[in-house]
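Keep the viewer open as you read.

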Amino acid sequence: MNSLIPLLVAAPLAGAALLLLGGRALDRFGHWLGTLAAALSFVFGLVLFFSMLGRSTDQRPVHVQLFSWVPVNGFQADVAFQLDQLSITFVLLITGVGTLIHLYSVGYMAHDERRRRFFGYLNLFLAAMLLLVLADNYLLLYVGWEGVGLASYLLIGFWQHKPSAATAAKKAFLVNRVGDVGLSIAIMLMFTDFGNFTYLGVFGAAGQASRSQLTAIGLMLLLAACGKSAQVPLQSWLGDAMEGPTPVSALIHAATMVTAGVYLITRSHAIFDLAPDAQTAVVCVGAVTLLFGAIVGCAKDDIKKALAGSTMSQIGYMILAAGLGPIGYVFAIMHLVTHGFFKAGLFLGAGSVMHGMDDEVNMRHYGGLRKYMPITFVTFGLGYLAIIGFPGLSGFFSKDKIIEAAFAKGGTEGWILGLVTLVGAAVTAFYMTRVMILTFFGEKRWQADDEGHQPHPHESPSTMTLPMIVLAFGSVFAGGLFAFNSSFLKWLEPITGHSEGNSPLSSLTVTLLTSACLLVGVALAYVVYGRSPVPVTPPVGSVLTRAARRDLLQDEFNHAVLVRPGSALAAALVYLDSKGLDGFVNGLAAAIGGISSRLRRVQNGYVRSYALSMFGGTLVLVATTLLMRSV
Amino acid sequence: MNPVNYLYLAALLFTIGASGVLIRRNAIVLFMCVELMLNASNLALVTFSRLHGNLDGQIIAFFTMVVAAAEVVVGLAIIVSIFRTRHSASVDDSNLMKL
């Protein structure tokens, strides 16, 4: 049974290799081959999941050593997998949502001539992501970490003929690189502090390590998580990453890859639990990003970018929960899974809308689409209700638990975090209602494009609607299933640990408060966007709106603080190099050349002048000899 | 007779030869001047041999003669072949060996 674990990774990897190396012969059925590879991996995951369910709690984690990767004296890097409750949860999410999105892409990318390559990249992503969550040591996790980064880069820039897509891909890659440096430094610190980097070894040794060592490792891991999960201050790439095809945004930049940071922090809980300073930093990052993403989401007119802001904000929730320690780990993962369902569903819905509207992304040009796309409307609507935390749906259970956990942190900190998460919930309700109203309700505001071509909104083919329906089911029922009898808590508790904390508010009070915030947000959005016709050209708006449209000036900030001093430093170094070093070397060469060209005049070809110089030389020699002898 | 006078003579001959080499252009005359310098040094060597009372100087003088004879053979051949092609024996005309 355990031999299935490497196959989880091998199936999509083989699919990627076939599709990317196979050539044109595979063009006709390559997309089905890719989907099959993903589905196969999902089936393996299900089999492993059920076999794990059948074992008692302490028998559940299994370990498979595949081969020794770098066996050097004192440095042991193995390719080994660890499948426990946490990783199987991720495996099912990744392969399940992954398979659905493969299926969706069959329809979405039907008219793209490079579809085979697209599926190759998607399979490559699945393989890397599975490697990331299955690794039993940080080095192998790092391999997967870089692999998903590569797949993300390739897929964001998939339409590389668009300069904006090519730039966005480069931006994502570069910003991620900053985070990756954090992870590599963390691994180096682990090796110097503990002598190895397997989960088992590091967590076992963490108890004896000093607090400063653990804090350093924790902060570096947080930097890595910030890069991959688009958290402040490394958040700027996610909005631009929406340049990629919509299935990519759904799979990589909403459901799976961007949550890798949450996985990393939860997986490293043994380190964070012993480093309260690092935990505080994690919580701060989560709280700031939660509001940051929500504010950006309120101002964007591009449907995908509004959803991207929302993703950032929801991951902020997860990071915040993970930073709360044992109070929040389980709920971070629970929200991660439910978010995977409803956010993937929302993105697929957005893709379906774009598909029907000739790739128009501006929500101010939508309006009244519910009549034309009933299935998309219903599935998107269910995802919407789930994300704002409508009572009974998935998001309600997971987000409510996170808000509760934030209060349960206790003290002033608990109150601040609790209020931030409550405000976040209200803003979430506001911007998602805005998206919903602008897209599906109100008057139709479609416009002919430059060539006078009028869009004809229509429902998408069944390969696209089917995954949306399945994900809508997930958005509705997953949360209830997890919360029922605290099943998810019991499932993950042996891995992450859990404590109730001491909440100043009762569970019911928090739920009521959350629901009140939700109502306020929805009502506000209805007042602003629902009652009067939405202008097609966006109004100028307040200072905050204008800033939020430009992602709260994050690019300007990065440019002023990092890019410009960096370029100035580079320019200074270039000047020093070209004028200083090159000047010295070139000057030396020129001096030698000049002296030589003067010296060569001596070689004039006249025998008698040579003879004269010989006589002169001999005279000098004789004179010197005589002089020396006389001394 | 004081042997040092031979040395004065040798120095005189050498100077005549050297100034001839530097001043004259005709290759044959140049050649003769070189011979003059060689013979001046031979004279000096033989004189030194006499002064020091051993044969070292005379032996070297024989060597010099042999070398001079060989040099004459090669040098004259070169001069003749240059004269044939250029119709001139002036050393200043053959100044192509320069940078």
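With seven residues, α2(B) gives the most to the lining of the second largest pocket. That pocket holds about 590 Å³ of space. A pocket here is an open set of points, on a 1 Å grid over the protein atoms alone, with protein on both sides within 12 Å along at least five of seven lines, and lining residues have an atom within 4 Å of a point. Grid points are joined across faces, edges and corners, and a volume is the space filled by probe spheres set on the points.

Of the 21 lining residues, A:Val607, B:Leu30, B:Phe31, B:Val34 and B:Ile79 are the closest to the centre of this pocket. At least two lining residues each come from α24 (607-630) of chain A and from α1 (4-23), α2 (27-52) and α3 (56-86) of chain B. Helices are DSSP runs (H or I, at least four residues), numbered from the N terminus. The lining divides into 16 nonpolar, four polar and one charged residues; Ala, Val, Leu, Ile, Met, Phe, Trp, Tyr, Cys and Pro count as nonpolar, Asp, Glu, Lys and Arg as charged, and the others, Gly among them, as polar.

## How the model is read

This is a predicted model, in which local features need pLDDT of at least 70 and side-chain atom pairs count only at pLDDT 80 or more, while totals for chains, interfaces and linings use all residues. Residues are numbered from 1 along each chain as its sequence is written, chains are lettered from A and ligands numbered from 1 in the order in which they are written, and side-chain values use heavy atoms, with hydrogens and water left out.

## The largest pocket

The largest pocket has a volume of about 720 Å³. Its lining has 27 residues, and A:Phe49, A:Leu92, A:Phe341, A:Leu481 and A:Phe482 lie nearest the centre. Two or more lining residues come from each of α2 (30-53), α3 (85-108), α15, α19 (462-483) and α20 (487-496) of chain A. Helix α3(A) provides the largest share, eight residues. By class, the lining has 20 nonpolar, five polar and two charged residues.

Two cavities reach 30 Å³ or more; a cavity is a set of grid points where a 1.4 Å probe fits but cannot get out. The largest cavity has a volume of about 70 Å³, and α14(A) gives the most to its lining, with four residues. Among the lining residues are A:Phe292, A:Lys305, A:Met312 and A:Asp551.

The second largest cavity holds about 50 Å³ of space. Its lining includes A:Phe396, A:Lys399, A:Asp400 and A:Leu518. Here α17(A) gives the most, with four residues.

## Nonpolar cores

In soluble globular proteins, nonpolar side chains tend to be buried together. A nonpolar core is a set of buried Ala, Val, Leu, Ile, Met, Phe, Trp, Tyr and Cys residues joined through side-chain atoms within 4.5 Å, where buried means under 20% relative accessible area (1.4 Å probe, protein chains only).

The largest core has 193 residues, and A:Leu134 and A:Leu221 have the most contacts (heavy atoms within 4.5 Å) inside it. Helix α15 (residues 329-356) of chain A supplies the largest share of this core, 16 residues. A second, separate core has seven residues, including A:Ala611, A:Phe615, B:Ala18 and B:Val29.

Note on methods:
Buried means under 20% relative accessible area, exposed over 50%, partly exposed in between (1.4 Å probe, protein chains only).
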